Amino acid sequence: MVYLFSVHRNFDPAQHPFEAAREYTRALNAVKLEKVFAKPFLGSLDGHSDGISYLEKHPSRLSILGSCSYDGEVRIWNLATRKCVVNYEGHKSFARGLTFSGDGNHLISIADDKQIHTWKVPIDNESDMISHEDKFATCGDSTCLWQAGRNVPLREFHWGVDSIHHVRFNMVQENILAACASDRFFLELKSNSLAWNPMEAMIFTVANEDYNCYAFDLRKLERPINVHMDHVSAVIDIDYAPTGRELVTGSYDKTIRIFNVREGHSREIYHTKRMQRLTSVRWSLDNKYIISGSDEMNIRLWKAKASEKLGVLKDRQRSALQYNEKLKENICTHIPKSLIDELPFVLKRNEEDGSLIRSSSAGGLVTAVAPVVIACKGIWVGWTGLYDFKEGIDVIPDQAFPVTVEPKLFDDYYNGCCNGIFWPLFHSMPDRAVFEIAFWKAYTKVNKAFAMTTMNAIRKVNQERMKVPENKRCPSPIVWLHDYHLMKAANIIRDTCKDEGIEIRMAFFLHIPFPTFDILRICPWVDEILMGVLGCDLMPWTSNDLYLLASRIQNFENLSKIAPPIYQPGETKIILGVDRLDYTKGLVARLKALVRLFEKYPKWITKVILVQIAVPSRTEVLEYQELKKQIDILVGQINGDYSTASWAPIRYIYSSMPQHELVGFYPSQKDADPGVLILSPFAGAGNIMHEALMANPYESDNVADTINRALEMPLDERQLRMNQLKKREKKMDVDAWVKMFLLEMDNVENKVLTYPKTMDDLMEDMFEFEDRLGPYVEMSTKLGIILDFDGTLSCLARTPGLAMMAPETKKESRGSSP
């Protein structure tokens, strides 16, 4: 006989040391599967013969949609069948707007012919009479309030002197309406449309020409309560989800973005190859679909959640989906903190009224880390960028804890200690470092200020964590410190947490090279620096910035699909350099190498142009001002020596620019005709990106030869190198970096000493060598090892010239015989 017993699971955390790691892997797999099966596009509604100008939802029927176009045609659609129910051709010019009557029996349209038409909706309703209580509004030189059935307005409103181009009623307080005009009263550029939050009567969001959307509270119109960024062109239309928790936007950048109302960055981006500029977007009343209209005559239907399964779900499927959602929600608490010296946005004070304006920061570190903090609902501790900032201003979101520093103290800390001591010292240039005790004291004070603000955030997180029962409590919070600006904060945070009995895990990540001890010991305060960072549980000392580079490359690939190229393919070849104006970037050496290229290979004169974009950096520092003068003089000399009437060897751009403009400078990186990447062997990514050409920037002949090789490289070799680089970049992106970090921090929580396998960790497998070959080595006086080259000592390559050994492999094999 077989007996079945019900065995209750033991939920004691001590019995499941790997539970956190397993749940993280499951959550990660769930997210990956969502991305794999994400198919947001459902279909299109064809029939209009001109661009779509406006869409409108039926107030009570999910399947009914109204649309109008540039040629004045008005159509009513059945979304279930994706067919046009009826079309009206009453207008003779551009149709501007639509609205349904309150009972849904009639559709009202307005056009540039200055006529308002009322159309009968051909659906079965209880009444065919127009409700005389229905009111609607139109806009132009003024805003007029109309009542259905009357041919004169009930009331007319005048605001300012500019024309009004958009108006909407508040869906909760029906006696309130808002309009968008061209006078730019609240914002610097024109607002194209607005939408009211259906669940919060006082909140509305406007779509602006400056690529952003601004959320306002009707009771505090002095400044926005949130800014939704990410679009790279003017935002044309906006609409809220019926839950009021999300909104959808359509832009001239040919994309649709979905935002959480509490977050500044989008969670989804929709686009197709054929879709052109968006003119109207709507969120369906059942919260499942998004409808968009664009100027290439198509209406498109999308899923609000790209990976959501449509139709009836089985109980097992529904349970699995709910379990995955809960897993992702729990894993988001694994990173409740991130500590960086600057916030992920910049605050600027309006010169006219003194109000604060918040804009997104463009730093590489912010680009990499900010999405992680947002997705995991973490807290960001940093400086606001203002010396007179006062706490309590609502321009700061809940996920940010600002630090205030006095101007003189900040100058000694940032320009004196960070940039004057650590930056040159960590780049192995100790002769440029200026060791002053005043700078070090300022560094200590500012680190203490950051530590105290961080403790406030930790206490907040710990209070919320302690409210949860112990068997359901998430792991201890993670404090993640970034870069050399905060090397003393770790010890202060650790000691304070110990005194208060708060459990934390702490990690430090250095984004610049860490020098050898012979150079670091030159610093008079080396012991305090090392003791400060040793207060962390995890310290991945590395100069490998490949993960951040991969994220930027993928972002550039997305932007390149919509950004027009500045340089078209032709006989003239482009050498592109994009760097901050910094003495560690080797800009002077690069310009001298270009001269050497023309001297050794004069065939490239008039056939090659160096486009050098130098982003201004630390312009108030005298050393950087002198560097700029030196580069300006050198560029002028080279252009004067080699320029002709129709050609100049250098195009020098001293300016910062957003990514959507910068990507246009890059030559075509498509698979058909890719470029060649040249790296310095001193770059962190150079140790892994073997397909790039390596050139020592301090040896002009070597750089000239490498550039000549790149310019003469055949197409098949360029394609092979670029394809291999792209494959690696898609795998080793910021997500892989964060995953590795979280796995390491889980090991810290569970006190497990197993680490993910990376290039640096392969040395740990020496024990396997001892177990297998140890006895043979002990009994022999000579040892011969025969290894294959292609595929063993180097990666597999199609041509012998691409089979290259890694630098560490070369180093280890120097003492052996070939």
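Select Tyr211 first: in the hairpin of β15 and β16, Tyr211 takes a positive phi near 80°. That hairpin has 4 residues between its strands. A word on names: helices (H or I, at least four residues) and strands (E, at least two) are DSSP runs, numbered from the N terminus. This is a predicted model, where local features need pLDDT of at least 70 and side-chain atom pairs count only at pLDDT 80 or more, while totals for chains, interfaces and linings use all residues. Residues are numbered from 1 along each chain as its sequence is written, and side-chain values use heavy atoms, with hydrogens and water left out.

Now show β15 (residues 203-208) next to β16 (residues 213-217). The two pair in the antiparallel sense over 5 bridges; two strands count as paired if DSSP finds at least two bridges between them. For a landmark, pick Thr205, which stands opposite Ala215 in β16.

Is β15 enclosed or open to the outside? Since 6 of its 6 residues are buried, β15 is largely enclosed by the rest of the structure. Buried means under 20% relative accessible area, exposed over 50%, and partly exposed in between (1.4 Å probe, protein chains only).

Next, jump to the open sheet of 4 strands, in the order β18-β19-β20-β21, with antiparallel pairing. β18 (235-240) and β21 (266-270) stand at the edges with a single partner strand each, so one side of each has no neighbour in the sheet. From one strand to the next the twist averages 20°, using axes that are lines fitted to C-alpha atoms (for helices over the stretch in contact) and angles from 0 to 180 degrees between N-to-C directions.

Zoom in on β20 (residues 256-260), which is antiparallel to β21 and joined to it by 4 bridges. Arg257 has Ile269 as its bridge partner in β21.

Finally, zoom out to the whole protein chain, with its 17 helices and 36 strands. Buried residues make up 45% of its 818 residues. Among contacts (heavy atoms within 4.5 Å) between residues at least 6 apart in sequence, 59% join residues at least 24 apart.
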